[in-house]
Each structure stands twice: as C-alpha cells, then as structure tokens.
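Hi,

Here is the structure I promised to pass on.

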Amino acid sequence: MEQPSKRALRKFGVSVGLAFLALGAVSRWRGHELPPRILWTLGVLLVVPGLLAPAMLAPVQRAWMAFAEVLGAFNTRVILGLLFYVVFTPVGFVMRLFHDPMTRSLRDAQRSQWVRRKVEPVDRARYEQQF
C-alpha cells in the first residue's frame, strides 16, 4: 500500500477533525458533559497535526481506513441484506398479490403482451435533459 501524500493526510486530519469538533458541539448543545470533551479532544488531536505536521497522521489514517473497510463490509452485507429481505421482499409479495406492475398476465384472451401506442411525430426536445 502506497504512502498517502501530505496533502491527502492534511485533508484527512482537517476534515475528520472538524467532523469530531462539530459532533462535540452538537453533543454539548444537547446537554451532555463528557462526550463533547472526548469528541473535541479527538478533533483537536486531528486538526492540529493535520495543519502543522500531516505526516504524523499516516498511522491514524491507515487505521481509520482499515476501520472504514470493515464498516463498509458490514454495511453491504448485513444492513443491505436486511433491507432487502425485511423491506423489499415483503413489499414485492404484497404488490404481486394485488397488482402486477409489469402487466404480464394474458387477461381477456390476449394473444400478446404488446402494448399499442399512439403513433406521434418525434419531438427532439423530448430527448434533451431527460433528468
């Protein structure tokens, strides 16, 4: 693994440190005593070296990124799996009980699922800025 540049370490220290400082401020605003002090300490310990000596943050950044990789693996496997099986699957079953969103059934003795559309002249503006 290559060593991150001083600019990348500075950006890491300042951005993560400011995030800790902001979280500490929110925690203090909510009336907590100890958590804001811990968050502010972590914020200062990241911002000051990030501005003065970013090379000192290399081991911290490596540990932070290793933690982020573990957290990302957890998110993709567990949280998204739960979301799929607890939300999307039951919603799909309920939708199929009451309505076929793709109108795939051959009701009324239809020979095809083809949907006839009215032939209209092509308007080029319709295809610009679709989103």
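Before the notes, one term: a residue is buried when its relative accessible area is under 20%, exposed when it is over 50%, and partly exposed in between (1.4 Å probe, protein chains only). On that scale Gln-61 counts as buried, because its relative accessibility is 14%.

Some housekeeping. This is a predicted model, so local features need pLDDT of at least 70 and side-chain atom pairs count only at pLDDT 80 or more, while totals for chains, interfaces and linings use all residues. Residues are numbered from 1 along each chain as its sequence is written, and side-chain values use heavy atoms, with hydrogens and water left out.

Back to Gln-61, then. This residue is found in helix H3; helices here are DSSP runs (H or I, at least four residues; strands are E, at least two), numbered from the N terminus. What does Gln-61 touch, once its neighbours within four places in sequence are left aside? Pro-4, Leu-9 and Phe-12 are in contact with Gln-61, where contact means heavy atoms within 4.5 Å.

That leads to the helix packing. Two packed helices are described by the angle between their axes and the distance between the axes. The axes are lines fitted to C-alpha atoms, for helices over the stretch in contact, and angles run from 0 to 180 degrees between N-to-C directions.

H1 (residues 6-29) packs with H3 (residues 58-98) at about 65°, and their axes are 10 Å apart. That makes H1 roughly perpendicular to H3 (under 35 degrees is roughly parallel, over 145 roughly antiparallel, 65 to 115 roughly perpendicular, and the rest oblique). In this contact Leu-9, Phe-12, Val-16 and Phe-20 of H1 meet Ala-58, Val-60, Gln-61 and Trp-64 of H3. By class, the residues of the contact come to 7 nonpolar, 1 polar and no charged. (Ala, Val, Leu, Ile, Met, Phe, Trp, Tyr, Cys and Pro count as nonpolar, Asp, Glu, Lys and Arg as charged, and the others, Gly among them, as polar.) The crossing of H1 past H3 is left-handed, meaning that the near helix is turned anticlockwise from the far one by less than a right angle; clockwise would be right-handed.

How do H1 and H2 sit relative to one another, parallel or antiparallel? Their axes come within 7 Å and cross at roughly 160°, which makes H1 roughly antiparallel to H2. The residues of this contact divide into 17 nonpolar, 6 polar and 2 charged. H1 passes H2 in a left-handed crossing, too.

H2 covers residues 34-52 and includes Ile-38, which is partly exposed at 45% relative accessible area. Ile-38 and Arg-62 are 24 residues apart along the chain, and their C-alpha atoms are separated by 21 Å.

Last, the charges. Side chains of opposite charge can pair when their charged atoms come close. I count a salt bridge when a side-chain nitrogen of Lys or Arg is within 4 Å of a carboxyl oxygen of Asp or Glu, and the structure holds 3 of them:

- Glu-33 with Arg-28, at 3.0 Å from N to O. Glu-33 is partly exposed at 47%, and Arg-28 is partly exposed at 39%.
- Arg-37 with Glu-33, with the closest N and O atoms 4.0 Å apart. Arg-37 is exposed, at 51%.
- Lys-118 with Glu-120, with the closest N and O atoms 3.9 Å apart. Both residues are exposed.

Arg-28, Glu-33 and Arg-37 are linked in a network of salt bridges.

Cheers
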